[in-house]
Amino acid sequence: SSDLRGVRVRVLLDRAFSGAEVNRPAARYLAGHGVNVRWAPSGYIFHLKTTTFDATASDISTANLVAKYYRTTRDAEIVDTDPVQVAAIEKTFSSDWTAGASGSPSTQTVQAPGLIWSPNTGSSTAEAALVKEIASAKQTIDFESEELSDPAIIRALAADARRGVNCRLVFTRSSEWTAAFETVTRAGCRVHVFAVSSTALYIHEKLILADQATANESLLIGSQNASITSLTRNRELSVLLRRAHGGGHAIAAAGDTFDADFHHAPPW
């Protein structure tokens, strides 16, 4: 199907849990305007937020396309033009698109260096990739997420702090993460939290920023929350950028924003 300009447009929508109810009006509108819309398998949450344009650029985002949240949530997007990564994203989309309701995302993933997929198999699981990135930090580790319940991630952050890495976390306050916050603060991490209110910034972004402002700095950003479900079962995507490989501008911008969030959020 195509829009009025003749561009082929395909939209794959999440339908797990409340996804079908929330996305149904959009699906009807798009289908009524010539867009080919399909539903992801009901047994999996399709939580990734990715759009690919002309097979040359992919927008990899932490943000849901819900207008009412744009002003109040912390989110970010990376426009990826790496040909190998874009091709892998396009092929994975096509596999998910073709498989439809009977698909299993873990068998449909197409790999590329620098892409962190969920679900994945073997030693290249998303959980392993995030833990490796945290453990690679030599001087600083900055972590921002909506959730913090995956034990391996919590252990990795605490281990960084214990070996002297400057560890900082920014979250929205929630009693769900109290045990995790206690663990990492005992190890030496500093946790700052925004209040839950209509005026406070809501932290929805998911990023790991290692060794900020050094030659080794790196940024992992995308849709994966630090939860077992997000890292092992949901369809998710993050991208890993390194200053040494040309990602310096995006990493610096993410670092400046994290610094501002950490400054404005009170200590936990």
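**Exercise 1. Determine which strand gives the largest share of the lining of the largest cavity.**

*Solution.* The largest share, 3 residues, comes from E13. The model is predicted: local features need pLDDT of at least 70, side-chain atom pairs count only at pLDDT 80 or more, and totals for chains, interfaces and linings use all residues. Residues are numbered from 1 along each chain as its sequence is written, and side-chain values use heavy atoms, with hydrogens and water left out.

Step 1. A cavity is a set of points on a 1 Å grid over the protein atoms alone where a 1.4 Å probe fits but cannot get out, and lining residues have an atom within 4 Å of a point. Helices (H or I, at least four residues) and strands (E, at least two) are DSSP runs, numbered from the N terminus.

Step 2. The structure holds 1 cavity of 30 Å³ or more. The volume of the largest cavity is about 70 Å³, a volume being the space filled by probe spheres set on grid points that are joined across faces, edges and corners.

Step 3. Among the residues lining the largest cavity are Leu130, Phe143, Lys206, Leu220 and Ser238. Two or more lining residues are given by each of strand E8 (140–144), strand E12 (207–210) and strand E13 (218–222).

**Exercise 2. Describe how strand E4 is covered and which strands pair with it.**

*Solution.* Step 1. Buried means under 20% relative accessible area, exposed over 50%, and partly exposed in between (1.4 Å probe, protein chains only). In E4 (residues 57–61), 5 of its 5 residues are buried.

Step 1. Ala57, Asp59 and Ser61 point one way from E4, while Ser58 and Ile60 point the other way.

Step 2. Two strands pair if DSSP finds at least two bridges between them. Strand E3 (residues 49–53) pairs with E4 in the antiparallel sense over 5 bridges, and Thr50 stands opposite Ile60. E4 is also joined by 4 bridges to strand E6 (residues 77–80), again antiparallel, where Ile78 stands opposite Ile60.

Step 3. E3 and E4 form a hairpin with 3 residues between them, and Asp54 in the turn has a positive phi of about 55 degrees.

**Exercise 3. Explain why the buried residues of helix H6 line one face.**

*Solution.* Step 1. Ala180, Phe181, Val184 and Ala187 are buried in H6 (residues 178–187). Seen down the axis, the buried residues of H6 fall within an arc of 130 degrees, so they line one face of the helix. The arc is that of the directions from the helix axis to the C-beta atoms.

Step 1. An α-helix has 3.6 residues a turn, so residues three or four places apart point the same way.

Step 2. The face of H6 turned away from its buried side carries the exposed residues Ala179 and Arg186. The buried residues of H6 pack against helix H5 (151–162), strand E9 (166–172) and E10.

**Exercise 4. State whether His47 and Thr199 are buried or exposed.**

*Solution.* Step 1. His47 lies in the loop between strand E2 (36–39) and E3. His47 counts as buried, at 16% relative accessibility.

Step 1. Residues in contact (heavy atoms within 4.5 Å) with His47 include Lys206, Asn225 and Glu236, not counting residues up to four places away in sequence.

Step 2. Thr199 is found in the loop between strand E10 (190–194) and strand E11 (202–203). Its relative accessible area is 75%, so Thr199 is exposed.

Note on methods:
1 Å grid on protein atoms, 1.4 Å probe; cavity = no way out; pocket = protein on both sides within 12 Å on 5 of 7 lines; lining within 4 Å.
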